[in-house]
Amino acid sequence: MGSLFRSEEMALCQLFLQSEAAYACVSELGELGLVQFRDLNPDVNAFQRKFVNEVRRCDEMERKLRYLEKEIKKDGIPMLDTGESPEAPQPREMIDLEATFEKLENELREVNQNAEALKRNFLELTELKHILRKTQVFFDEMADNQNEDEQAQLLGEEGVRASQPGQNLKLGFVAGVISREKLPAFERMLWRACRGNVFLRQAMIESPLEDPTNGDQVYKSVFIIFFQGDQLKTRVKKICEGFRATLYPCPEAPADRREMAMGVMTRIEDLNTVLGQTQDHRHRVLVAAAKNLKNWFVKVRKIKAIYHTLNLFNLDVTQKCLIAECWVPLLDIETIQLALRRGTERSGSSVPPILNRMQTFENPPTYNRTNKFTKAFQALIDAYGVASYREMNPAPYTIITFPFLFAVMFGDIGHGAIMALFGLWMIRKEKGLAAQKTDNEIWNIFFGGRYIIFLMGVFSMYTGLIYNDIFSKSLNIFGSHWHVSYNKSTVWNNKMLQLSPATSDYEGTPYPFGMDPIWQVATSNKIVFQNAYKMKISIIFGVLHMIFGVVMSWHNHTYFRNRLSLIYEFIPQLVFLLLLFFYMVLLMFIKWNRYAATNKMPYSESCAPSILITFIDMVLFNTPKTPAQGCEVYMFWGQHFIQVVFVLVALGCIPVMLLGKPIKIMQARKLANVQPITGADAEVGGMSNGVGGGGHGGAGHHDEEEMSEIFIHQGIHTIEYVLGSVSHTASYLRLWALSLAHAQLAEVLWTMVLSIGLNKEGWYGGVFVTVVFAFWAILTVGILVLMEGLSAFLHTLRLHWVEFQSKFYLGQGYAFQPFSFDSIIENGGSASGDAE
């Protein structure tokens, strides 16, 4: 099969590059993204490798670019993103880039330091301006309070006693600014420390002031403290220092204060001018840097990724040649050689690179080519486990089976249309939406699965047509094949209406497509009819899905030439599944075709035996109970004998699955001890094909395993398959259960929400139905589309991972992670992880 159904064939190659051309060649391979390099220096410390200094230089350039990016985002300047990816610069261009980044960083830091100093000076002058304005009122009050009684109010009785009679008391003061939130504690501390011998006046500064260090807006207050004596002055200043209050010189004379205020205003105006010029210069520097910042990031990350990759190489004895080992897809070897030639020509080297294919028994990485359509489906498979090398890839089949099984549970034309339109919108706008690169994980999941969502919606519309269900109502496209004589009042008021196909109301011919819309009025037996219908199709789809999974294992066994697994696993597994569960499916079709809803014996509906009871009697070898008079025990002639044979053969498959393969392996080992294995014995041993050795469960896989462990493992797999066939078949009934739950929830929303608004008449009925419709629409999208859709999605995922893939899929490989600039830049520059 092609690479769509299996992973790509991989080759382990050895690459010889001249030292001068190595950088350019690795750069070309990074643009190509098809080579996974191996680390040839696993025991060498990262700080002891050849190109560690270049990596450190790249780290330093990245640090400077992140600093520039932070400053650009702080100013809200948009960064130009053309979407183009520039080529990796030559090594000699690193010096120019380093010089450019160094110049920009130094210039920006100098501008920021100057701006911070200017802002600090501006803040001090602004606070001084407010002090001069606010304290003028305080000094005017002090000028009027010169008598001894008022001095006694300010200083207390002890101060009055200490002053001599007739002596004019001289008060000292300090003025400053403090944060408004610290003011109450500051006032209490002054009162306690100075024992009430100071007088504090304060006034709030209405507008907030900018902190020059972090740019925060801070609310402050002006204060002035009057006191007497040097001891109190020292104590007051220490308290101000402890509360980080800023003290400013404030002249006592009014003329000096006015002169200082005029000087402060002049200096503030000058500072405003200088600050504006500084901010303009900073803005120009950042705008110029913003135009190239994205490209600079890409260039630096590419350089860093190249040197990380070069650190994985080995030097030859002459120190003039670099040796690398890498996994490459076999089909792309010529493309890789062309890229190496381009790199050699760019570097000006005359020595061509050498790419040698190596023989190895190592297990190669798994590489499945994807495009934007298949990528999401492949991600669903890889989430369970990366496929083993060259085993069958379930992703192509999942493209059809996944949305179909989802739609069986989510069958509604209206809900499917909402989902399909949402997926189609994301597909139509995918270029613009992909360019936004948001960090919202939920949105990224939706956008990554846009094709899955679209297909799930389209398939749900199809199954909705089959169920004839659109927002819990039916479409009358082809009329009805029933002629029911119910009048309007009976349909509206009678809650126990039934439809009986045995009466003349039914024409006797099937509906052209899907369900007849008449079942919408059958309130009593509608759910009974849908129960039987959806339960049976769930089992039918489930058994067919599991048989398909077993058939997929045949492709694995034949590809890996694993004859043992083909004979002793695939054949008995398929026979077991066909003779028991596929036979049960055939009984359903026989019952549908043989029995009708008439009174004609023995093929009336009342004579039809239960499929479940028939299957249980078959497995237990029970004789069916005697049916009603005029009915037959079996559906067809020879049914009992056929069922006994089927059960016996199915039971006989179990010891074949359990013992066949281990016994053959044991015989092959005994034969190998007597004579060399040749020809047919090697084929029995299950030799594998291609690079990588051990096959898909063949003898090569069991060479080092003890026989007891082989018997135990085979026993576990046999028990798992036999019991799993029963539980997995029952597991597909989730298709029936979720489909009924979805339909009933939609009907509940219609009956208990929207129909209430539709029953209102008059002008207020229009307003009421608008409100009710909005509420119904929110519940429909939120519960039935999102929550029910997520539930159906998870159940479908389980059916594929467990019920389907367990039949053939090992998922024990490891992913191919090529050295690719695109993935490195997309992941934010994690070069080391991608390179390794």
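Modeller: Let us begin with one side chain: Lysine 64 touches Glu98, Phe101, Glu102 and Glu105, leaving aside residues up to four places away in sequence, where contact means heavy atoms within 4.5 Å. This is a predicted model, in which local features need pLDDT of at least 70 and side-chain atom pairs count only at pLDDT 80 or more, while totals for chains, interfaces and linings use all residues. Residues are numbered from 1 along each chain as its sequence is written, and side-chain values use heavy atoms, with hydrogens and water left out.

Biologist: Is Lysine 64 buried or exposed?

Modeller: Buried means under 20% relative accessible area, exposed over 50%, and partly exposed in between, using a 1.4 Å probe and protein chains only. Lysine 64 has a relative accessible area of 7%, and therefore counts as buried. Of the 836 residues of the chain, 45% are buried too.

Biologist: How is empty space found?

Modeller: Rolling a probe the size of a water molecule over the atoms shows where empty space is left. A pocket is an open set of points on a 1 Å grid over the protein atoms alone, where a 1.4 Å probe fits, with protein on both sides within 12 Å along at least five of seven lines, and lining residues have an atom within 4 Å of a point. Here the second largest pocket holds about 1,400 Å³, a volume being the space filled by probe spheres set on the points. Its lining has 32 residues, and Pro501, Trp519, Phe529, Trp592 and Ala597 are the closest to its centre.
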